[in-house]
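Work through the exercises below with the sequence and the model in view. Each task is followed by a solution in steps.

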Amino acid sequence: MKIIVCLKQVPDTAATIKVKPDGSGVETEGITYVINPYDEFALEEALRIKERLGEGEVTVITLGPPKAKEALRTALAMGADKGVHLSDPAFEGGDSYATAKALARAIQGLPYDLILCGKQAVDDDAAQVGPAMAELLGLPQACVITKLEIDANRKKAVVHRQIEGASEIMEVSLPAVFTAQKGLNEPRYPSLKGIMGAKKKEIAEHNPSSLGLSPEEVGLAGSKVKILKLSPPPSRATGKILEGEPREQASQLVKLLREEAKII
Amino acid sequence: MDLSLTEEQLLFQKTARDFATKELAPIASQLDEEGRFPSEIVKKLGELGFMGIAIPEEYGGAGADYRCYVLALEEICKACASTGVVMSVNNSLVCDPLYMFGSDEQKRRYLTPLAKGEKLGCFALSEPNAGSDAANQQTTARREGDTYVLNGTKIFITNAPEADISIVFAQADKTKGHRGICAFIVEKGTPGFRVGKVEKKLGIKASSSSELILEDCRVPRENLLGEEGQGFKIAMATLDGGRIGIAAQAVGIAQACLDASIRYAKERVQFGQPIASFQAIQWMLADMATQIEAARLLTYRAAFVKDKGDRFSKESAMAKLYASEIAMAAGVKAIQIFGGYGYMMDYPVQRFFRDAKVTEIYEGTSEVQRMVIAHSLLA
Ligand SMILES: Cc1cc2nc3c(=O)[nH]c(=O)nc-3n(C[C@H](O)[C@H](O)[C@H](O)COP(=O)(O)OP(=O)(O)OC[C@H]3O[C@@H](n4cnc5c(N)ncnc54)[C@H](O)[C@@H]3O)c2cc1C
């Protein structure tokens, strides 16, 4: 079974994010990067499927700057077999659509039975690349899955999706695109042996022309959404401590809620 | 000397850090309080390749080097120094001598499961009357046909209660002095071989140290490690590597002291301001950070020299001496910065302080390290 896992390198969830003064982006100085946590669930699931079946190949693919290769190396150290890196200045600044298009194009050139992504990237939270890619590839999709079972004949999969107050169980024909939600599994740590072996694994490089895409179709130029400005969330105002007898405090509170907070 | 870390080393450091923060840090205080051996953690460390880091893959190891080893150990010890010593003993004091001096059969039979972390090892050199003077071995080995008969008592042996495989030193020919000492591989369950008193300790309470008692314990000749009379040389060569591990352990403990101190100093308010705004506190933090950096560089350098294949006794002794002394000093400062709270068992700095002390003692006291360094200067 050939499985493709799409992953994105994102700032560590523990990092403190600062917006650049001109609002054009975030300060990258001092930020450590990790594999997007939801993509780690996708990768872990792919590795488990391969282990369960006792055969198969897991290819990890990312679109990102040269630094994003670290994410691929980590994935290879965890057990993926091959990497594909879409890296070129022309890819920069792309929206979900441009990214999905480039990824879909790279995937078209590869054999696959299953494509797994994270449900969203924790940096821009758009949650669109997986579904858009499925559309572009003409494949069925199921998003936000918490359980995945491959049928014995490997033509179908049963997935569990988290929906409001319940879980939805779906049967999907393969190949398909699934996006992973927390709860799907507990990702492993790369073993030291895996880390030592990762450098021997192949990472294929792509730019727009090797994917048969023109520079206008990728990155900022190929995007339908343009980011105008980033601004930090307003900092939380300091709390107020009311004083006096309980009775006085209660009436002060009501007054503040009505006149200042304007919520009653 | 290039001390910048490679991509693999950085990834390995990150993995060790993630593991230590997620799996170990949350339970370290409890392990210490209960004096409980972290068997589940040790099993996971084995699966990750942490129990035989510098041993080649063909013998079950991860095929990395001492630089990876010190990176991992620092991260593990930052969270839990007890777990660190369990790992360090298995890597440096058991796997290393088996790899350096073992026959191919011994490597396959004993080293492979140890390096994989499927089995645990211990190193039994110290005796009631052979501490710093390790050559004064009272444990005897008498040759009888195809076996050696061992008699004696070892003390303070880390991992001994849990160990499957022990490296035991004994005197086979008193007339030859330290050239009469032999090293043996003794399996758990060998008749006449048992665990004696398990010690109650000041620190590293989640690792265990105990006596090992040998009473007419018969060990087959195939279990002689190296040559007859080579035991003391094996012990000294092993400890040279081990000291790099203890240096890394000390750096990890010292870093834990600094991290906790910085966090606390920013939060604790006295005289209307965080105590971090007082120069007296800032200077303590600055000194700690500088000493830790120096200790870390000495440790990396010792690992680097060892990986290169050069002599490294002096480098490892210097790293261990300096790192252990600044770890102890960092423990003292951390408690000072925490004030009364630092003295209470509810805060972790008292554990770092207690754990730091042993790094100045085992695998050669600070005095012994100075002897080793001076010896190499004056040789
Ligand atoms: C927690 C713990 C775990 C241990 N684990 C192991 C283990 O796994 N395997 C093992 O074999 N051993 C182990 N040991 C033993 C340890 O290596 C010894 O305790 C150490 O080498 C010191 O020996 P000693 O305790 O007999 O002290 P002593 O040698 O009696 O030393 C007492 C004091 O005298 C000083 N001193 C001694 N000789 C000299 C000299 N010539 N010049 C100047 N000063 C000197 C020492 O530095 C020290 O300050 C462990 C010890 C501890 C505390």
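**Exercise 1.** How much area is buried between domain 2 of chain B and domain 3 of chain B, and what percentage of it do carbon and sulfur atoms give?

Conventions: this is a predicted model, in which local features need pLDDT of at least 70, side-chain atom pairs count only at pLDDT 80 or more, and totals for chains, interfaces and linings use all residues. Residues are numbered from 1 along each chain as its sequence is written, chains are lettered from A and ligands numbered from 1 in the order in which they are written, and side-chain values use heavy atoms, with hydrogens and water left out.

Solution. 
- Find the domains: domain 2 of chain B spans 122-229 and domain 3 spans 233-378, with bounds from an automatic or database domain assignment.
- Take the area: about 890 Å² is buried between domain 2 of chain B and domain 3 of chain B, and carbon and sulfur atoms give 78% of it. Buried area is the accessible area (1.4 Å probe) that two parts lose on being put together, summed over both.

**Exercise 2.** State how far apart the C-alpha centres of domain 1 and domain 2 of chain A lie.

Solution. 
- Locate the parts: in chain A, domain 1 is 2-217 and domain 2 is 236-264.
- Read the separation: their C-alpha centres lie 48 Å apart.
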